[in-house]
Amino acid sequence: MPTKTPQTLTLGDQLKIFGRSGLEQAAWNYPRLQNLGFCYIMIPAIERLYTDKADRQAAATRHLASFNTMPYMQSLITGVTLSLEEQHARGDAVSAADINAMKVGMMGSLAGVADPVWWGTWRPILSAFAASLALSGFGIVGPLVFFIAWNLVRLGFRWWAQRWGYQQGLHVIDYLGSGILQKLTLGASIVGMFVMGALVPRWVRVQLQFSWTTSTRTDYTLQKVLNQLMPGLIPLVLTLGCVWLLRHHVKPSWLLGGVLVISLVGYALGLLN
């Protein structure tokens, strides 16, 4: 049991911890993954909460255990850990095993919900908007909008998550156990698929040049007929075909090369415009 101390974390301590949180993966390693980075993040809290050298060594040692989660969600775990470390330093009924168990329980579930939210929803939406700006003649404004918006949301979320986790402590577990993670994952997946579906006809352009003339001397083009039936059908089929090949372990480089060859051959034969 650590030496009891009335010390509590200040706003300055939490700002130091937040500043360190971006370096979590700077010392990533195969045996214990992100453990060195997480221990580095916790050092300001350990120095504030524990005055005895042995207590500080024990606190640092327990945060060298294996740790791995989606980096942006690490801030929420950090906040809860800060709250528990504070209680542990005061001598409350929070053991070192409780702190480790909380970290292990949260890191997997948060990593699972973060990917569809960040990589499957927010990044495609922001990327599409920035690319539209660049292609519309705004040039460097597009990449700047992406860079600024991405980091504002990322850093704002991480600071809020750290503060909320610190304020709520173990009550965060109650929120996570209420089914909100499953709902958030489902909602993010739906939004992500909707956005990707909207991007298909905009960014995947296939124009068929095949045409024919009827007995009444009316000219028809296959592209015009398909557009009347379902606009964007060919780009959709091409996209779904690429997804199917990727799921069957076809290398992206082979996929890109195949699309390029088909485009050149189709144009040379007069099938594609």
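Reader: Is S95 buried, partly exposed or exposed, and what is its relative accessible area?
Author: Happy to start there, keeping in mind that this is a predicted model. S95 lies in the loop between α4 and α5. Buried means under 20% relative accessible area and exposed means over 50%. S95 falls in between, so the residue counts as partly exposed, with a relative accessible area of 30%.

Reader: Where is Q57, and what is the C-alpha distance between Q57 and I46?
Author: Q57 is found in helix α3. Its relative accessible area is 46%, so Q57 is partly exposed. Q57 and I46 are eleven residues apart in sequence, and their C-alpha to C-alpha distance is 9.0 Å.

Reader: Let me step back: what pattern does the chain follow along the sequence?
Author: The chain has ten helices and two strands. Of its 273 residues, 35% count as buried. Read from one end of the sequence to the other, the pattern is α-α-α-α-α-α-α-β-β-α-α-α.

Reader: What share of the contacts with a separation of 6 or more is made by residues 24 or more positions apart?
Author: Contact here means heavy atoms within 4.5 Å. Among the contacts in the chain with a separation of 6 or more, residues 24 or more positions apart account for 72%.

Reader: Which element gives the largest share of the largest nonpolar core?
Author: The largest nonpolar core has 38 residues, and those with the most contacts inside it are I77 and M106. The elements giving two or more residues to this core are α2, α3, α4, α5, α6 and α7. The largest share is nine residues, and it comes from α5.

Reader: Which residues is I77 in contact with, leaving aside its neighbours within four places in sequence?
Author: I77 is one of the residues with the most contacts inside the largest nonpolar core. With neighbours within four places in sequence left aside, its contacts are F38, F67, T69, M102, K103, M106, M107 and L110.

Reader: How many aromatic pairs are there, and why is the pair of F38 and F67 called tilted?
Author: A search of the whole structure finds twelve aromatic pairs. In the pair of F38 and F67, the ring centres are 4.5 Å apart. Planes under 30 degrees apart count as stacked and over 60 as edge-to-face. The planes of F38 and F67 are at 40°, so the pair is tilted.

Reader: Where do F38 and F67 sit, and how many residues apart are they?
Author: F38 is in helix α2, while F67 is in the loop between α3 and α4. Both residues are buried. Their pair links distant parts of the chain, 29 residues apart.

Reader: What kind of pair do W118 and F157 form?
Author: W118 lies in helix α5 and F157 in helix α6, so the pair ties together parts that are 39 residues apart in sequence. W118 is buried at 5% relative accessibility, whereas F157 is partly exposed, with a relative accessible area of 23%. The ring centres are 5.5 Å apart and the planes are at 65°, so the pair is edge-to-face.

Reader: Which residues are linked into a cluster by ring pairs?
Author: W118 and F157, from the edge-to-face pair, both belong to this cluster.

Reader: Where is L33, and what is its phi?
Author: L33 is found in the loop between α1 and α2. Its phi is a positive value in a residue other than glycine, near 60°.

Note on methods. Residues numbered from 1 in each chain as written. Predicted model: local features only at pLDDT ≥ 70, side-chain atom pairs only at ≥ 80, totals over all residues. Heavy atoms only, no water. Helix = DSSP H or I, 4+ residues; strand = E, 2+ residues; numbered from the N terminus. Phe/Tyr/Trp six-rings, centres within 6.5 Å; stacked < 30°, edge-to-face > 60°. Buried < 20%, exposed > 50% of the residue type's maximum accessible area, 1.4 Å probe, protein only. Core = buried A, V, L, I, M, F, W, Y, C linked by side-chain atoms within 4.5 Å.
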